[in-house]
Amino acid sequence: MREDPVSGERELRGVAVYPDIVIGKAHLVDRSRVKILYQCLVNGEQLKREVERFEEAVHAVEDQFVSLKNKMPDKVKDQAFILDSHLLILKDSMFYDSTIKKILEEKINAEWALKKSLEEIREVFEQIDDEYISNRVRDVENVTERILRFLSGDTSQSLGEINQRVIIVAHDLSPADTTELNTAKVKGFITDVGGRTSHTAIMAQALEIPAVVGLEVATALVEDGDLLIVDGSAGVVVINPDDSTIIHYQEKKLQLQEYKSSIARMSHLPAETTDGHRVDITANIEFLEEVAAAKDCGGEGIGLYRTEFLYLSGKGFPNEEDLFEDYREVAEIMNPAPVSIRTLDLGGDKFASKMPMSEEINPALGLRAIRFCLKEPAIFKTQLRAILRASLYGKIQLMFPMISGLQELLDAKEILRQVKKDLDQDHIEYDSKMEVGIMVEIPSAVVIAEILARHVDFFSIGTNDLIQYALAIDRVNEHVAYMYQPFHPAILRMIQQVVRAAKNEGIKVSLCGEMAGDPLCVFILLGIGLDGLSMNARSIPLIKKIVRATSMEQAKIDLENIMKLNTANEVRAYILALTRHMFPELEEKGYLLN
Ligand code: PEP
Ligand code: MG
């Protein structure tokens with residue numbers, strides 16, 4: 001912490017989460033624990049009522065989570081799994097059954113029984129010698145806290161009710177708290193705890209809320225109503241800044257905004273290198289509602305439509321008509337630009353309550369994506385029919401996820417053939433020339449890419465999963481997040497191998513993992529020769545700018561040098577130096593966070 005002895009201004013440093021600056025009044029949120037009182041209950045009637053009170057609280061909190069999930073802004077919908085995990089805790093027997101048992105057997109009040117259950121769960125978690133898993137106890141604490149608040153009748157803490165233009169200051173915000181924030185009002189938030197990859201930080205990024213986390217002492221030093229500057233690009237918070245500091249940050253904010261607008265203004269231009277090499281820049285979407293933003297940001301098509309979110313809403317599986325309407329609209333809005341619809345990728349960390357599947361110890365390696373669809377052909381066929389019918393209304397391309405070998409691809413194509421035949425029999429039209437491609441995201445598919453290339457019209461490399469499977473790093477496990485390395489020489493070679501196989505066979509190849517939208521990866525991906533990059537719409541303007549300032553010739557020279565390096569750190573250092581040299585403003589503006 002830095003303190004100015006004359007003005008009293010204090011500066012704290014934490015973890016930068018979202019590159020924007022806000023100035024506003026502090027609103028301290030008390031997320032301290034609810035006081036829990038012990039009560040001994042004597043008669044059976046009291047105990048029965050206590051159990052009912054607990055059950056009612058659990059249901060109320062369940063409703064809160066479901067409603068938060070349903071109201072989640074589109075841009076954070078892919079974080080819904082966090083709330084799903086909270087919902088699972090509510091039903092966990094160590095949590096639910098055990099609390100009821102304690103109320104009845106120990107004749108105690110619901111709050112005390114819940115406290116005891118939490119203590120027991122904490123003990124179990126503490127014994128686990130795995131930081132990621134032991135940290136999950138935080139989720140149980142968040143859920144317990146909500147139930148206790150309901151039991152105590154305390155509703156004052158709902159963050160959704162904060163309707164002033166304030167900056168929230170909290171010890172910690174759970175992902176559910178963050179979802180609840182009224183983003184039209186709340187200017188930003190700062191917390192004592194949290195890191196860059198915490199779910200709260202991810203949520204803030206998705207919601208585009210300027211935030212700094214991990215400040216350690218924010219709640220101790222900030223008073224309600226203090227004036228704050230939150231610089232989410234540098235991870236700095238200034239408490240009660242003096243006039244010159246305010247002017248400094250106002251100017252910095254203006255520069256940041258001007259920079260963003262300058263990039264946005266150019267986003268409609270094609271991504272063409274200085275020596276005339278064109279790359280297709282498209283958007284990844286999860287919902288129909290995102291199509292407009294994809295176009296606004298300069299997306300030249302939809303490179304990845306993740307269709308599973310329509311199946312995760314909790315209202316059961318959508319029918320063919322719902323799916324058809326949805327896909328048709330996306331195709332029409334984007335027409336004549338292409339829309340790559342990926343068939344269902346359920347499983348892994350995306351489960352639908354109606355899914356006919358058993359619990360798996362290792363879902364990432366289990367019945368996921370195409371494996372699930374081949375096992376449930378009726379569900380698969382419904383989706384394929386809807387996609388084929390919608391193909392008349394624009395340029396739809398079909399993409400199978402998680403293909404691991406040729407037989408699997410042929411099986412999927414056979415089902416597609418059957419669906420086409422059914423449509424023919426029903427005299428329903430579709431685009432018979434609709435292109436069919438696959439996601440290359442499993443190492444075995446990389447190794448036999450040259451074989452697979454003969455059977456499809458295009459490849460789309462899914463590096464999010466490719467990194468997970470190639471490096472044996474569970475992509476949702478924070479404990480090994482430091483090993484999740486896009487710059488690993490093995491990953492770069494794999495991408496190169498897939499691109500070569502595609503080029504040899506004369507098919508197009510793009511990349512739609514997070515790497516595509518990472519400013520640090522652009523030179524490498526250009527040098528490798530990808531035809532297209534598909535990313536989060538917000539990343540499009542900057543990635544286009546970088547492509548337009550780069551020459552293919554130079555990218556190839558850099559790639560040659562990079563391919564001689566032996567570790568991910570060496571590659572990263574090379575790329576960082578290159579990016580700093582070419583775009584010195586990016587780091588200062590908080591774009592090189594990762
Ligand atoms: C990928 O795996 O890189 C990908 C784009 O798909 P998802 O993130 O949906 O698995
Ligand atoms: Mg994937």
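Trainee: Helices (H or I, at least four residues) and strands (E, at least two) are DSSP runs, numbered from the N terminus. With that settled, in which loop does Pro336 lie?

Mentor: Pro336 belongs to the loop between α12 and β13 (338–342). The model is predicted, so to speak of a local feature requires pLDDT of at least 70 and to count a side-chain atom pair requires pLDDT 80 or more, whereas totals for chains, interfaces and linings use all residues. Residues are numbered from 1 along each chain as its sequence is written, chains are lettered from A and ligands numbered from 1 in the order in which they are written, and side-chain values use heavy atoms, with hydrogens and water left out.

Trainee: Is the peptide bond from Asn335 to Pro336 cis or trans?

Mentor: That bond is cis, and its omega is near 10°.

Trainee: At what angle do α12 and α14 pack?

Mentor: Helix α12 (residues 320–334) packs with helix α14 (residues 377–390) at about 35°, and their axes are 8 Å apart. Axes are lines fitted to C-alpha atoms, for helices over the stretch in contact, and angles run from 0 to 180 degrees between N-to-C directions.

Trainee: Is that crossing left-handed or right-handed?

Mentor: The crossing of α12 and α14 is right-handed, a term for a near helix turned clockwise from the far one by less than a right angle.

Trainee: Which residues meet there?

Mentor: Among those in α12 are Leu323, Phe324 and Tyr327, while α14 brings residues including Ala386, Ile387 and Arg389. Contact means heavy atoms within 4.5 Å. By class, seven residues of this contact are nonpolar, two polar and five charged. Ala, Val, Leu, Ile, Met, Phe, Trp, Tyr, Cys and Pro count as nonpolar, Asp, Glu, Lys and Arg as charged, and the others, Gly among them, as polar.

Trainee: Now the ligand. How many residues surround ligand 1?

Mentor: There are 15, each with a heavy atom within 4 Å of the ligand. The closest are Arg306, Gly462, Asn464, Asp465 and Arg475. The shell has three nonpolar, four polar and eight charged residues.

Trainee: Which element supplies the largest share of the shell?

Mentor: α18 does, with three residues. Both β12 (302–306) and α18 (463–471) supply at least two.

Trainee: How far is a polar side-chain atom of Arg306 from an oxygen atom of ligand 1?

Mentor: For Arg306 the distance is 2.7 Å. An N or O atom in the side chain of Asp465 is 2.9 Å from a ligand oxygen, and a polar side-chain atom of Arg368 is 3.4 Å from one.

Key:
A polar contact is a pair of N or O atoms within 3.5 Å; within protein, one must be able to donate a hydrogen and the other to accept it, and residues adjacent in sequence count only if both atoms are side-chain atoms.
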